[in-house]
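Here is a short note to read alongside the model.

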Amino acid sequence: MLLGRISDGTNGDVADDHYHRYMEDIEIMHSLGLTAYRFSISWSRILPRGRFGGVNQAAIIFYNSIIDNLVVRGIEPFVTIFHHEYPQELEDRFGGWLSPLMQEEFVHLAEMCFKYFADRVKYWITINEPNLFSEMGYERATYPPARCSPPFGNCATGNSDSEPLIVVHNMLLGHAKAAKLYRDQFKSKVDGLMSIAVCAFMYTPLTDNMYDKEAAKRALAFNVAWTLDPLVYGDYPQEMKNYHGSELPSFSSEEKELLKDSIDFIGINHYGVLYAKDCVHSSCPCNDSSCTQGSDRPIRGFVYTTGERNGIPIGERTGMSRFFVVPSGMEDIVDYVKERYNNKTMFVTENGYSSPNDEDDIYEHDVKRIQYHRSYLEYLAQAIRKGADVRGYFIWSLMDNFEWSSGYAIKFGLYHIDRLTLNRIPKLSANWYRDFLGNSSIVVDADSSIAISYENTDLSRVQSQ
């Protein structure tokens with residue numbers, strides 16, 4: 001992470017030390033009754049120099065051991081190949097995801113993962129949240145490589161209006177090339193499935209006027225459909241073409257064919273609902289803690305988004321300034337994806353509650369986390385009853401962990417981590433989830449059920465061995 005940018009002054013060098021304690025963690029999963037574990041590969045661990053160096057065999061041994069120990073306990077591994085970190089050398093040599101060369105680097109990483117793990121891994125997510133990664137790294141400079149331009153921020157270099165578009169373009173093509181490689185050479189091993197996970201807020205109009213209603217639709221297109229339309233239909237959403245013009249990169253006819261239907265299911269990371277206000281026909285000053293600068297720019301679709309209206313939050317506040325508790329948003333976002341993509345199979349790949357900074361998150365008493373997951377699952381079940389093809393749900397996260405620029409100050413976990421001993425201490429929510437999973441599934445009707453699991457991302461770092 002960026003030096004000096006972590007709110008509590010910590011770093012992710014050790015994090016929860018999953019690297020050394022994964023057997024304990026897998027036993028915790030098994031004791032809870034989990035049937036799937038979504039974890040992320042560290043690019044820098046497997047290929048410390050990308051294609052400019054060799055494979056770190058210690059990393060292969062580590063991930064093979066995780067996968068083997070999951071499988072023997074009946075826990076399905078869901079593997080995310082890229083989760084926002086990559087070797088510094090790739091940034092230094094050619095600018096990382098701003099360069100088309102990164103597509104081939106990513107395909108090389110994916111090929112190594114397929115080569116060593118595809119005989120036991122059926123579910124693959126190539127890239128986690130390309131829309132969020134591009135925004136935070138190239139528009140707002142919250143994540144590395146911290147590039148931006150006014151009014152989004154004051155950085156040494158960057159262009160917030162165009163660079164996010166380039167980054168996502170390269171990510172989508174990298175995904176499509178990796179998906180083709182998998183289907184051509186590795187799919188036959190276990191008949192696996194490919195996907196991508198998108199950060200998927202739901203948006204509702206700030207007012208009842210037609211401009212705000214259109215703005216809410218536009219916000220969905222500029223955030224969710226930006227990633228998913230090319231992977232299902234082969235091209236960017238028309239809404240984005242209307243506002244970006246030549247700044248939006250274009251796909252060749254060959255690339256469109258490569259992209260089209262390059263996912264077998266859709267991964268939805270959902271954390272809340274925001275109001276949307278039109279900025280084409282009115283001014284949009286940012287004057288509350290849950291809004292962001294630049295709403296009147298094409299990169300934001302000329303949409304102002306906020307969690308407040310007349311000073312009143314859209315839902316109960318959490319530890320994240322733009323995450324509000326609005327359970328009905330789960331049903332709404334699933335309905336949106338269902339309708340726009342012809343009910344393609346979905347997994348809720350992330351959903352979780354972060355405790356407010358002023359809320360006592362003592363592990364015996366995280367009642368609000370239980371209420372959060374129970375209510376979100378209820379609305380997810382309603383979407384399934386209406387026909388949405390949702391196959392699973394992952395809680396973010398098993399343990400309190402290193403939450404990017406928030407460090408350890410923000411807590412999503414079912415387990416508390418003692419920062420001195422790194423002991424895993426179950427919160428009340430962990431006990432609730434274990435009992436909840438004792439029923440094996442949420443029964444929707446006689447012929448349909450939804451599997452429940454959770455996610456924890458491996459952000460711990462060790463030197464290459």
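1. A disulfide joins C286 to C291, with an S to S distance of 1.9 Å. A disulfide here is a pair of cysteine sulfur atoms within 2.5 Å. The torsion about the S-S bond of C286 and C291 is about 95°, so this disulfide is right-handed. C286 counts as partly exposed at 25% relative accessibility, whereas C291 counts as buried at 9%. Buried means under 20% relative accessible area, exposed means over 50%, and partly exposed lies in between (1.4 Å probe, protein chains only).

2. Some ground rules. This is a predicted model: local features need pLDDT of at least 70, side-chain atom pairs count only at pLDDT 80 or more, and totals for chains, interfaces and linings use all residues. Residues are numbered from 1 along each chain as its sequence is written, and side-chain values use heavy atoms, with hydrogens and water left out.

3. How many disulfides does a search of the whole structure find? It finds three. Counting bonded cysteines along the chain, the pattern is 1-2, 3-4, 5-6. A disulfide is a covalent bond between the sulfur atoms of two cysteines.

4. C148 is bonded to C155, with an S to S distance of 1.9 Å. The torsion about their S-S bond is about 100°, so the disulfide of C148 and C155 is right-handed. C148 is buried at 2% relative accessibility. C155 is partly exposed at 25%.

5. C279 is bonded to C284, S to S 2.1 Å. Is this link left-handed or right-handed? With -115° about the S-S bond, the link of C279 and C284 is left-handed. Both C279 and C284 are buried.

6. Two further cysteines deserve a look. C199 is buried, at 11% relative accessibility. The closest cysteine sulfur to that of C199 is in C291, 17 Å away, too far for a bond. C113 is buried, with a relative accessible area of 0%.

7. Now the helices. Helices (H or I, at least four residues) and strands (E, at least two) are DSSP runs, numbered from the N terminus. Helix α6 (residues 130-138) packs against helix α8 (residues 210-233) at an angle of about 125°, with the axes 9 Å apart. That makes α6 oblique to α8. Axes are lines fitted to C-alpha atoms, for helices over the stretch in contact, and angles run from 0 to 180 degrees between N-to-C directions. Under 35 degrees counts as roughly parallel, over 145 as roughly antiparallel, 65 to 115 as roughly perpendicular, and the rest as oblique.

8. Which residues meet where α6 and α8 pack? P130, N131 and S134 in α6 meet N223, W226 and T227 in α8. By class, this contact has two nonpolar, four polar and no charged residues. Ala, Val, Leu, Ile, Met, Phe, Trp, Tyr, Cys and Pro count as nonpolar, Asp, Glu, Lys and Arg as charged, and the others, Gly among them, as polar.

9. Nine of the nine residues of α6 are buried, so α6 is largely enclosed by the rest of the structure. Its buried residues pack against β2 (76-82), α4 (88-94), β3 (123-128), α7 (163-185), β4 (193-199) and α8. Contact means heavy atoms within 4.5 Å.

10. Last, E331 in helix α11 (residues 328-340). E331 is buried, with a relative accessible area of 10%. Not counting residues up to four places away in sequence, E331 touches Y379, Q382, A383 and K386. A polar contact of 2.9 Å joins the side chains of E331 and Q382. A polar contact is a pair of N or O atoms within 3.5 Å; within protein, one must be able to donate a hydrogen and the other to accept it, and residues adjacent in sequence count only if both atoms are side-chain atoms.
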